[in-house]
Each structure stands twice: as C-alpha cells, then as structure tokens.
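Please open the structure in a viewer and follow the selections below in order.

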Amino acid sequence: MAEAAHAEAIDPVVEKALSEANLTARDLSAVAVTIGPGLSLCLRVGVRKARNIAGLFSKPIVGVHHMEAHALVARLVQQDLQFPFLALLISGGHNLLILAQSLGQYVQLGTTIDDAIGEAYDKTAKWLGLDMRRSGGPAIEQLALEGDAESVKFSTPMKQHKDCNFSYAGLKTQVRLAIESRKINAQIPLSSATTQDRSERADIAASFQRVAVLHLEERCERAIDWAMEMEPSLKYLVVSGGVASNKYVRSRLDQVVKRKSLELVCPPASLCTDNGVMIAWTGIEHFRMGRFDPPPPAEEPDDAMYDLRPRWPLGEEHVKGRSEARSLRTARIHPSLTSIIQESLQKQS
Ligand code: KG4
Ligand code: ZN
C-alpha cells in the first residue's frame, strides 16, 4: 500500500514542484533523491523517477541520506550555521543524536533502542481518546497545559544507562497501565468527558510529556558533554523532526542549551517534518562539493537494479554510545555515509 501511494503521488508532486518554481526539468542543475534509509519499495519509486528525469535531460544525480537531510535543512534557514553542530532528530519514526563535524562527517551519539518519542505521543493521545486529526502530538501538547505534570509518577527511561540512547516503549506501557487503572474510556471523546474525567486525562498528558521530554533533556545534556570533548568549538544544538514543533520541548531544550552556553536552532515546523526541500538542499550541499553521480542512461529498463540503502547509518557510532540491545540487529546494514565519503577522500589524495 505504501508503494502504491508513492507511485500515485510521484508524478503530480514533481510536476507541482516544478510549476510552482516556474521551471522545467531542463532548467535543473542536478536531481537529488533519497536513497535511504527507508522501505526499499518506496525508495525505488523515487529513485526510478529521479533517474528518468536525470536520464532524459542528462543531469547529474545526487543520492541523499534522509536523516542527513533532516539535520542539514537547518543550514538553509540559518545560513551562518557552521560545522560542527549537534543535532537531535525527533519524529514518529526517529530519535537520533548526531554530531555533525563537517559535510558528510557524522558521529552517531545515540539512537532509540525501540520506539521514537513521536510514537509515544501518538499512542498516549489515542488511549486518552484525543482528536488525532492533526496527529497525537499537538493534542497532547494542548491538553497537557491544563494538567498537573507532577500528579502521575512515571519513571524516566534508561536512568541507569549512562549513555545517549533512547527508549520509549517502557514509558508507553506505564502510560497504558495508568489509563487502564483510572478506567478512562477512550471511546468517550474529550469533548463529552465530565470535568473530573477531563482533568484526569490532562494530568496523564502533562505527566507523560514531562517525563518524555525529561528523557530528551538528560540525553542532550550528556551528548553536549561528549560532543564538547570532541569539538570544543561547538556552538549549536539543532532540533528537527515533527516533535520539534512542540513548544514545551523547545523551551526545555532551550534551558539545557543555555546552561551549556550553546544556542538552540529549530527550523520552522514546515521544514522540520519529512519534506522535499530538505532533500533538495542536501543535494545542493553535496553537489557544490563535487559529490554526485554522472547522468544515468536515457533509456533504463523499469526493473533496473538501483543502489537503495534501506538500512543505512549516517555515521559511525561513538564508542561510548554502543548499546548491546542494538548490536544484535546488525544484519544487512550498509556501510555508513561517513565511511563511504572518507574512503573516497582517501582514494583522491
Ligand atoms: O517528522 P514527522 O512529520 O514524520 C515522521 O514521523 O517521520 O513527525 C510526525 C510525528 C508524529 O508522531 C506527531 O505526533 C509528532 O511528530 N508531533 C508532535 C507535535 N507535532 C507533531 N509531537 C509532539 N508535539 C507536537 N506539537
Ligand atoms: Zn524523517
């Protein structure tokens, strides 16, 4: 179904982007396309389209890493944002802390061992019977304003692990149990709840949010220390991904960053979520450095073998960041973007 949805959208989306930019494919300098990580069935739809255009008009092609693009889009909006910087990427599907040392050189300080924070927001909203039309995050953020964040005692994930990895599966379970024990009925929408019921739901929303974000704060604080050891000139923490539009998240992280004398950079919400602008921008960054592939042949069979990287780390893991829980799942992982770039730089010199 995901593949079919991509296949249906790809032509109109490309046409719309070109017509809004008042350009034709002939005017382009190059074509950038996501080659990983992600579902290969979906990646293939985009890569096939990109290679069709590039082949037809003889344009170079730039293969882009989806997570690198989330981080680099910050440099589009804040042009003076220089390397090195730290990036926290938080959405429904990812929870990642990376140190960006230069274009293409990344160290992964932490990632999630199970769920991402956005997934925990979405499930909590669903179990509390909130309006999910704008996804669960905004609904929780709003209801939490009415609640007492200290009222339900959830424990902070991974306290005993002194690293920068994340886990949200346990917090999700704690929230579900709290909801069940209070007999909150998600079938009754919030708008029809009694005052007492509404205030109980608000307390859970606020208490969940406090702990979910506290987990981010603790990890970011440690990540800043690790990053400063490697890059003493570090100035910025970039926060991007759907959850970065949350005002409580921003204000709490802003305090962490200020305590460490750094600056917080949050791209506008429209650029924080998955979007084409970030892929195009990352393509420009690499294109300027001469990192691109020559135009593909004009006629390529539809079933051609493409270079797709469904499981593709951005950089090497920081030595202190390795987690046993994750090292078990290393099958069929592509070499990281950073290691590929380093290898090609060594060949050149
Ligand atoms: O980046 P995104 O649009 O898509 C991916 O998941 O890749 O992020 C969507 C996630 C959803 O889980 C949604 O609940 C969360 O971002 N989100 C928020 C807020 N707005 C969106 N979470 C917390 N507070 C928000 N205001
Ligand atoms: Zn994304």
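**The zinc site and helix α12**

Select the zinc ion (ligand 2): His-66 (NE2), His-70 (NE2), His-94 (NE2) and Asp-274 (OD) coordinate the ion at 2.0 to 2.6 Å. Donors are N, O and S atoms within 2.8 Å of the metal (3.2 Å for Na, K and Ca), and water is not among the atoms, so sites may look incomplete. This is a predicted model, in which local features need pLDDT of at least 70, side-chain atom pairs count only at pLDDT 80 or more, and totals for chains, interfaces and linings use all residues; side-chain values use heavy atoms, without hydrogens and water. Residues are numbered from 1 along each chain as its sequence is written, and chains are lettered from A and ligands numbered from 1 in the order in which they are written.

Along the sequence, the donor residues follow the spacing H-x3-H-x23-H-x179-D. Next select His-66, in helix α3, and His-94, in the loop between β3 (85-90) and β4 (95-102); the pair therefore ties together parts that are 28 residues apart in sequence. His-66 is buried, at a relative accessible area of 13% (buried means under 20%, exposed over 50%, partly exposed in between, with a 1.4 Å probe and protein chains only). His-94 is buried as well, at 17%.

Now move to helix α12 (residues 337-348); helices are DSSP runs of H or I with at least four residues, and strands are runs of E with at least two, numbered from the N terminus. Select Leu-337, Thr-338 and Ile-341, the buried residues of α12. On the other side of α12, Gln-346 and Lys-347 are exposed.

Terms used:
Expected span 1.5 Å × (residues − 1).
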